[in-house]
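Me: Hi! Could you walk me through this one? I'm new to it.

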Amino acid sequence: MNDKLIGQITLSNIVRGVGQFADMGYFIDLGEQNKGYMTAALRLILKYSFQSLGLHRIQEPFY
(Lines give C-alpha, C1' and ligand atoms only; values in the text may rest on other atoms or scores of the structure.)
Protein backbone atom coordinates (compact mmCIF):
# COMPACT_ATOMS: atom_id res chain seq x y z
CA MET A 1 0.00 0.00 0.00
CA ASN A 2 1.25 3.49 -0.85
CA ASP A 3 -0.07 7.00 -0.48
CA LYS A 4 -0.45 7.71 -4.20
CA LEU A 5 -3.52 9.76 -5.13
CA ILE A 6 -5.18 7.98 -8.06
CA GLY A 7 -8.41 9.92 -8.42
CA GLN A 8 -10.90 12.34 -6.97
CA ILE A 9 -14.65 12.73 -6.43
CA THR A 10 -16.13 16.13 -5.68
CA LEU A 11 -19.62 17.06 -4.50
CA SER A 12 -20.32 20.73 -5.11
CA ASN A 13 -23.17 23.22 -5.38
CA ILE A 14 -25.19 21.41 -2.73
CA VAL A 15 -28.73 22.79 -2.79
CA ARG A 16 -30.96 22.45 0.24
CA GLY A 17 -34.68 22.99 0.48
CA VAL A 18 -37.17 21.26 -1.80
CA GLY A 19 -34.54 20.09 -4.31
CA GLN A 20 -31.86 18.54 -2.06
CA PHE A 21 -29.31 17.89 -4.82
CA ALA A 22 -25.64 18.36 -5.68
CA ASP A 23 -23.29 18.29 -8.63
CA MET A 24 -20.70 15.53 -8.75
CA GLY A 25 -17.45 15.39 -10.69
CA TYR A 26 -14.80 12.68 -10.71
CA PHE A 27 -11.65 11.46 -12.41
CA ILE A 28 -9.19 8.61 -12.09
CA ASP A 29 -5.59 8.23 -13.25
CA LEU A 30 -5.34 6.59 -16.66
CA GLY A 31 -3.12 3.81 -15.30
CA GLU A 32 -5.68 2.90 -12.63
CA GLN A 33 -8.71 2.58 -14.90
CA ASN A 34 -10.61 -0.71 -15.27
CA LYS A 35 -9.60 -1.95 -11.81
CA GLY A 36 -12.90 -1.20 -10.05
CA TYR A 37 -11.55 1.61 -7.86
CA MET A 38 -13.86 4.33 -9.19
CA THR A 39 -16.89 2.04 -9.11
CA ALA A 40 -16.23 1.28 -5.44
CA ALA A 41 -15.59 4.94 -4.61
CA LEU A 42 -18.75 6.11 -6.40
CA ARG A 43 -20.85 3.54 -4.54
CA LEU A 44 -19.51 4.90 -1.24
CA ILE A 45 -20.04 8.58 -2.09
CA LEU A 46 -23.56 7.93 -3.41
CA LYS A 47 -24.49 6.01 -0.26
CA TYR A 48 -23.09 8.84 1.87
CA SER A 49 -24.89 11.47 -0.25
CA PHE A 50 -28.30 9.87 0.01
CA GLN A 51 -28.16 8.39 3.52
CA SER A 52 -26.00 10.83 5.50
CA LEU A 53 -26.50 14.09 3.62
CA GLY A 54 -30.16 13.40 2.78
CA LEU A 55 -29.84 14.40 -0.85
CA HIS A 56 -32.49 13.40 -3.37
CA ARG A 57 -30.48 13.73 -6.57
CA ILE A 58 -26.86 13.79 -7.75
CA GLN A 59 -26.13 15.26 -11.16
CA GLU A 60 -23.12 15.74 -13.37
CA PRO A 61 -22.86 19.43 -14.30
CA PHE A 62 -22.81 20.44 -17.95
CA TYR A 63 -19.97 22.76 -18.97
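**A first look at helix α1**

Me: Which strands do the buried residues of α1 pack against?
Reply: The buried residues of α1 pack against β1 (7–15), β2 (21–28) and β3 (57–59). Contact here means heavy atoms within 4.5 Å. Helices (H or I, at least four residues) and strands (E, at least two) are DSSP runs, numbered from the N terminus. This is a predicted model, where local features need pLDDT of at least 70 and side-chain atom pairs pLDDT 80 or more, while totals for chains, interfaces and linings use all residues. Residues are numbered from 1 along each chain as its sequence is written, and side-chain values use heavy atoms, leaving out hydrogens and water.

Me: Which residues of α1 are buried?
Reply: They are Met 38, Leu 42 and Ser 49. Seen down the axis of α1, the buried residues fall within an arc of 35 degrees, so they line one face of the helix. That arc is taken from the directions from the helix axis to the C-beta atoms. Buried means under 20% relative accessible area, exposed over 50%, and partly exposed in between (1.4 Å probe, protein chains only).

Me: And which are exposed on the other side of α1?
Reply: Arg 43, Leu 44, Gln 51 and Ser 52 are exposed there.

Me: New topic: do β1 and β2 pair in the parallel or antiparallel sense?
Reply: Antiparallel, over 7 bridges; strands pair if DSSP finds at least two bridges between them. Ile 9 has Tyr 26 in β2 as its bridge partner.

Me: What about β2 and β3?
Reply: Those two pair in the parallel sense, over 3 bridges. Ala 22 stands opposite Ile 58 in β3.
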